[in-house]
Amino acid sequence: MSTQPRVARPRADAVPGPAPHPASLPVPRPVPEVEVTSDLVRRLLRDQHPDLADLPLQRASAGWDNELWRLGPSLAVRLPVRAVAAPLAEHEQRWLPVLGPRLAVATPVPVRLGRPGAGYPWVWSVVPWFDGTVAAATDVTGRTAWAAQLAAAFVALHRPADPAAPTSTYRGVPLADRARVLRPRIAALEVPERDALVARWDALVAAPVWDGPAVWLHGDPHPANLLVADGRLAALLDFGDVTSGDPASDLSTAWLTFDPHGRALFRRHVNAGSGWDDAMWQRAHAWAIAMAAVMLAHPEDHPLLAQVGRHAVAQVLGEPDPAHAD
């Protein structure tokens with residue numbers, strides 16, 4: 001059996017047809033382009049970090065862009081599985097050592113850096129392993145207990161970004177820049193609330209644009225990227241989408257993560273530290289709809305994310321006033 005990573009290729013029997021307009025396309029199903037095996041991970045470790053190569057190794061999770069392998073009791077190996085995610089791994093390696101120490105919560109700052117090798121084409125990292133449970137798998141009513149912690153982390157993170165900070169066309173940008181793609185995706189959702197979501201999106205997308213400086217953003221702070229333990233926020237995970245821009249896209253987690261009580265507490269603590277106006281929260285409300293549309297795109301592949309999406313739908317439609325205040 002070959003020990004080289006298996007690269008996914010298009011099916012030979014695929015028949016091309018008329019190309020749909022890009023704005024009408026659903027969120028594409030992410031397909032791993034490299035098969036990561038325990039043998040591959042061990043060969044990378046032996047070649048580049050031999051002192052870690054014989055630690056116990058076990059696959060921990062596989063996301064859209066990365067796989068995580070637990071390494072011994074306190075480490076993990078994080079490897080991109082798609083070319084589009086490779087630059088994001090580089091962003092984590094460069095910027096997490098800068099941003100992580102600013103936050104009053106643990107983050108997976110890389111402790112070792114990996115380079116391409118053993119047939120694997122991209123950079124990879126050895127990161128700390130954190131014990132706990134992803135917030136998405138916990139009861140939503142219990143999340144209020146750490147809403148203030150998450151707010152404090154965002155207040156610390158959402159500071160003017162370095163001029164060399166990554167930028168994104170998907171996060172932190174004006175809503176109008178994404179409306180051409182996102183509105184058709186929302187309208188295509190197979191959920192009974194679809195028409196109400198479109199109407200809510202249309203009401204929110206015209207919110208005043210962000211006119212402040214670009215600030216640092218986590219980029220993907222949904223509750224599957226929040227780790228909790230003993231009733232507290234234990235870690236803020238997955239900075240692959242770290243970027244800069246309007247903090248409203250990060251603040252969408254208010255609807256993705258919390259119920260009304262937790263959301264009010266989160267918002268109150270964020271406002272106390274940052275002083276955002278109602279327009280910020282209107283944009284965040286709209287971003288929550290956009291995030292929910294992505295999470296509901298492939299429920300059979302990612303049931304936990306679909307659960308987050310369904311929760312977000314209920315939360316955004318549970319607030320009839322787009323400028324909902326505390």
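Guide: Glu67 is buried, at a relative accessible area of 11%, which is below the 20% cut-off for that class. Its side chain meets that of Arg59 in a salt bridge, 3.1 Å from N to O. Arg59 is partly exposed, with a relative accessible area of 41%. The model is a predicted one, and a search of the whole structure gives 12 salt bridges.

Another of these pairs is Arg78 with Asp238, where the N to O distance is 2.7 Å. This pair links distant parts of the chain, 160 residues apart: Arg78 belongs to strand 3 (residues 75-80), while Asp238 lies in the loop between strand 9 (232-236) and strand 10 (243-245). Arg78 is buried, with a relative accessible area of 14%, whereas Asp238 counts as partly exposed at 22%. Both residues also belong to a network of salt bridges that links Arg78, Glu92 and Asp238.

A further salt bridge joins Arg267 to Asp278, with the closest N and O atoms 3.0 Å apart. Here Arg267 sits in helix 8 (residues 260-274) and Asp278 in helix 9, 11 residues apart. Arg267 counts as buried at 7% relative accessibility; Asp278, at 38%, counts as partly exposed.

Helix 9 (278-295) is also part of what covers the buried residues of helix 5, along with helix 4 (175-187) and helix 10 (303-317). Those buried residues of helix 5 (residues 194-204) are Leu197, Val198, Arg200, Trp201 and Leu204. They lie on the same side of helix 5, because they cover an arc of only 165° around the axis.

Notes: Residues numbered from 1 in each chain as written. Predicted model: local features only at pLDDT ≥ 70, side-chain atom pairs only at ≥ 80, totals over all residues. Heavy atoms only, no water. Buried < 20%, exposed > 50% of the residue type's maximum accessible area, 1.4 Å probe, protein only. Helix = DSSP H or I, 4+ residues; strand = E, 2+ residues; numbered from the N terminus. Arc of directions from axis to C-beta. Contact = heavy atoms within 4.5 Å. Salt bridge = Lys/Arg side-chain N within 4 Å of Asp/Glu carboxyl O.
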